[in-house]
Amino acid sequence: MRGLSQNWAVFRESRIGMLGLIVILLFGVFGALWPIMINTVWDPLIYHPVVGFDPMLLHPSPPTKAHLLGTDPIGRDILAQLMFSTGREFLLGVLSALITVVIGTVIGTVAAYYGGFTDTFFMRVADIMMLFPFIPLLVVVGSMVRLTFFPFAIILGVLGGFGGITIILKAQALSVKVRPYIDAARVAGGSSFHIIRAHIIPNVLPLSFLYMMFNVTGAILSEATLSFFGVLNIDMSWGMMIHTAEAAGYLFDFGKYWWLWLPSGLAITLFCAAFYMVGRGLDEVVNPRLRKR
Amino acid sequence: MDPLLKLDDFTMHYRTKAGWVQAVDGVTLSLARGQALGLVGESGCGKTSIAMSVMKLLPYNSKVVRGRILFEGRDIYSMTDGEVRKMRWKGVAMIFQAAMNSLNPVYRVGNQIVEAIVTHEPETSEEEAWARVRSLFELVGIPKERMYHYPHEYSGGMKQRAVIAMALACNPKMIIADEPTTALDVIVQDKILREMDQIRRKINMSMIYISHDVSVIAEVSDVVAVMYAGKLVELGQADDVFKRPRHPYTYALMRAYPSILGEKHELATIPGEPPNLLDPPSGCRFHPRCDRASAECSKADPMWREICPGHYCTCHNPVEIGGTWVGQVRSGKAADGGDQLGTSSNS
Amino acid sequence: MALPATADAADAILRVEHLCKYYPVSRGLFQRRQLLLHAVDNVSFEVKRGEVLGLVGESGCGKTTTGRLIARLTFPTTGRIFVDNADVSKIQGADMAEFRKKIQMIFQDPYESLDPRMTIFDIVAEPLNVNGMGNLEEREQRVAEMLSLVGISPPSAFLFRFPHELSGGQRQRVAIARALVMNPTFVVADEPTSMLDVSIRTGIMKLLAQLREDLGISYLYITHDLAVARYLCDRIAVMYLGKIVEVAEAEEIIKEPLHPYTRALISAVPVPDPAVKRPVPTIKGGVSKPINPPRRCRFYERCPVAKSTCAEQDHPAPREVSGGHFAACHQL
């Protein structure tokens with residue numbers, strides 16, 4: 001797309017964006033270490049994040065040389081869990097955000113372009129989505145059906161896609177729709193489909209991409225919350241780690257058993273913050289008015 | 001008498017990521033009391049930068065490299081903030097580009113002007129201020145009852161008049177009008193130009209009128225200054241500059257302007273594009289586009305010189321006086337060539 | 001009604017008959033009466049093959065709406081448009097695509113009329129692309145040809161650049177190349193030079209004139225600037241509040257305007273000569289909006305020559321005052 005190197009130059013000026021990007025890259029490296037570690041250094045019997053068990057210690061064990069971040073109440077290595085989950089958090093966040101943004105962009109541009117009934121219909125759907133208590137709904141759904149990893153990511157993405165993001169992207173599409181180059185395309189004989197695909201969507205996409213960053217944050221936070229309530233059927237995630245500690249009653253004495261919740265809590269916070277910060281950095285690329293001149 | 005405003009080799013640059021933009025370079029001009037100076041040039045030539053420099057409203061990334069701006073003999077860049085504030089309303093007032101949008105939509109127009117008066121002249125009572133607004137509205141030709149209306153109830157032309165009234169509120173000695181009629185239709189523009197001219201003569205105010213439109217400049221100015229790429233290229237009495245342009249840029253610019261007067265003349269085209277002021281051409285900044293350029297032009301920056309009395313120009317190869325065109329295209333009582341030559345040697 | 005017509009109707013590339021465009025105006029929740037803005041009101045004119053007709057007027061006079069109606073960007077409330085003697089409203093299906101190729105438009109703002117996310121090649125090739133004309137190689141060749149025709153040279157240096165890398169004048173040339181790439185016979189030019197600097201503007205004006213010579217294109221040239229229209233147009237039509245008030249040969253309308261509005265407009269145009277003192281335009285008040293206008297001459301309130309009879313009659317129909325010079329005024 002246009003002036004990728006130029007946009008990169010603007011992004012690079014944003015300290016907060018760069019910091020976020022660095023943190024994301026560090027998480028990436030951290031997550032990529034998992035398959036290497038489990039295949040070389042770590043014994044799968046002891047270090048497996050779900051079924052591993054270290055028979056040499058009393059659990060939960062505080063950090064030791066063998067378990068740098070200690071073990072959880074049923075004897076699994078915290079560091080291994082953390083590493084194993086990183087990749088899945090990426091997958092969950094990016095997948096659901098991608099679904100959200102694709103749906104939001106398509107509906108937003110279509111609603112803006114056609115207006116009328118299409119517009120009204122999708123806007124009312126968005127209103128309902130925005131008003132609906134999301135998390136409690138998923139708690140109820142989760143208690144009725146087994147919500148596993150991929151269905152959960154997809155549900156999260158779809159629900160998000162029909163919600164507030166549609167309204168924002170529609171507003172952007174509306175401002176693109178009235179530009180003279182849209183008229184020029186119509187005079188050239190372009191069909192509605194052509195105009196939406198070739199002109200409106202590409203001009204809305206930067207904003208979509210920006211909201212995708214914020215949606216990654218949202219998806220991971222939702223996952224963490226729902227895992228904590230124990231309604232998700234996910235074998236391991238950062239949220240699950242806290243849930244495990246809570247279910248076994250260790251959170252009541254959280255100062256003493258800090259390694260049970262601090263690493264995963266910190267990971268969630270940092271990971272979400274990093275995507276948010278990248279979003280803020282992108283904001284300066286997308287909205288030229290925010291740029292310092 | 002001392003000139004009211006004097007720019008002395010004024011040079012101002014903007015710092016950008018890509019480097020220093022040489023926006024205003026070595027501008028020397030002066031404005032007498034009661035005089036109207038027309039500053040003409042294309043977009044990006046530095047005319048608005050000059051206005052902002054005179055108002056001392058430059059952005060933080062600007063830098064005065066050399067030269068001075070003297071207002072009533074005092075260097076405005078050594079004034080204190082308080083003195084500058086005082087100068088901005090009581091000395092020099094400015095009408096900005098698209099000024100009609102500068103009225104605050106949530107206050108009545110009269111209140112906004114009263115507010116401006118009371119803020120800058122604390123000794124004025126509110127009644128006196130309202131009385132003054134009444135006479136200002138009369139001066140600019142807005143019905144008095146309009147004082148109590150909101151800006152959205154005004155038409156474009158009337159908003160522009162209200163902005164002029166506001167600029168005149170503190171009886172400034174001089175006004176800078178930056179393209180005040182560019183967004184208006186011709187009939188409204190005509191009325192406002194006439195009114196500004198009348199008011200200016202009535203209260204003997206100086207004016208710098210900035211425009212890209214040669215014909216508007218011709219109508220409002222006593223003295224015309226032509227800018228190109230951050231430099232002043234020509235300065236002289238309006239009649240002189242329009243009838244006997246000496247700088248090739250002025251010459252081409254004037255011939256590029258279609259007129260509805262007289263017979264059609266061939267419109268001039270200036271090849272190429274205005275230069276990037278990050279890295280302006282060496283020597284004369286106009287030389288890459290100039291049809292009179294010689295080898296010297298790309299090497300040496302031409303001097304600012306008085307080519308005939310009161311007529312300044314920076315060019316190595318100025319247009320000969322025979323190169324008139326306005327007289328030729330004007331019908332009716334147009335002066336013939338011989339007469340023009342005669343007046344030029346006398347003036 | 002007398003149409004400002006030429007002797008031979010078949011000669012016209014574009015003919016507009018009684019064209020009207022009314023926009024509903026909402027005025028609060030409880031307003032019962034339907035308010036209509038008469039943007040274009042019973043406008044008839046024609047453009048001959050190879051001719052440039054200037055449509056001149058102040059902002060809000062309906063000149064841009066007229067252009068958009070002709071380019072089918074919006075549809076008339078009533079009235080008909082004929083292109084090559086075919087009624088545009090009856091064109092359907094595949095013929096519509098053919099029609100689109102015939103009529104193209106150039107827009108005012110060269111910074112807004114080019115999609116910032118497309119390369120120059122994509123922009124100029126878009127009409128070919130959407131109409132499925134030629135393969136990639138042919139398109140590239142055609143685009144390069146058009147770019148050099150409009151003075152963007154060498155084309156290869158510009159093909160894969162983005163609009164923001166070009167200057168205003170170059171962008172407008174690209175916009176012209178896009179309009180011409182399908183060999184249109186008629187171009188609606190909506191103030192194509194009003195946002196450009198003088199030194200650049202002349203170049204674009206000369207290019208448009210040159211293209212007309214070389215390709216035989218007819219233009220509807222929409223502008224607020226009479227002086228520009230004088231230089232570019234064969235005939236000029238002056239619009240006021242949705243109505244055409246005067247049509248004549250360009251020089252004739254400039255030198256001998258008949259309608260009081262045209263006279264006022266011409267005397268208000270500033271002239272680049274400090275020695276000339278123009279007469280004060282004899283026109284009262286300001287422009288209003290033609291919302292449910294009363295059935296009388298639109299110019300009545302501001303007219304310096306209006307008589308009481310003007311208020312009693314409907315808006316006058318254009319009348320041929322002298323050969324090819326039409327004016328809509330009761331007092332002529």
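Before I start: helices and strands here are DSSP runs, numbered from the N terminus. I'm also noting that this is a predicted model.

**Entry 1, a loop in chain C.** I looked up C:Thr74 and found it in the loop between α1 (63-70) and β4 (78-83) of chain C. Is C:Thr74 buried or exposed? Its relative accessible area is 14%, and buried means under 20%, so I put C:Thr74 down as buried. Then I checked its surroundings. Leaving out residues up to four places away in sequence, C:Thr74 touches C:Lys21, C:Tyr23, C:Arg68 and C:Leu69. With C:Lys21 there is also a polar contact, side chain to side chain, at 3.3 Å.

Next I went to helix α11 of chain A, residues 238-247. Eight of its ten residues are buried, so the rest of the structure largely encloses this helix. The buried ones include A:Trp238, A:Met240, A:Ile242 and A:His243. What do they pack against? I found α2 (15-39), α4 (78-114), α10 (192-229) and α12 (258-286), again in chain A. After α11(A) comes A:Gly249, with a positive phi near 85 degrees.

Which residues touch the most other members of the largest nonpolar core? Among its 98 residues, they are B:Ile113 and B:Ile176. Helix α5 (residues 156-168) of chain B supplies the largest share of this core, eight residues. I followed up B:Ile176: beyond its neighbours within four places in sequence, its contacts include B:Ala51, B:Val92, B:Ile95 and B:Ile210. Another core, of 70 residues, lies apart from that one, and I noted B:Ile187, C:Val56, C:Leu114 and C:Tyr219 among its members.

Technical notes:
Residues numbered from 1 in each chain as written. Chains lettered and ligands numbered in written order. Predicted model: local features only at pLDDT ≥ 70, side-chain atom pairs only at ≥ 80, totals over all residues. Heavy atoms only, no water. Buried < 20%, exposed > 50% of the residue type's maximum accessible area, 1.4 Å probe, protein only. Helix = DSSP H or I, 4+ residues; strand = E, 2+ residues; numbered from the N terminus. Contact = heavy atoms within 4.5 Å. Core = buried A, V, L, I, M, F, W, Y, C linked by side-chain atoms within 4.5 Å. Polar contact = N/O pair within 3.5 Å; in protein donor to acceptor, adjacent residues only side chain to side chain.
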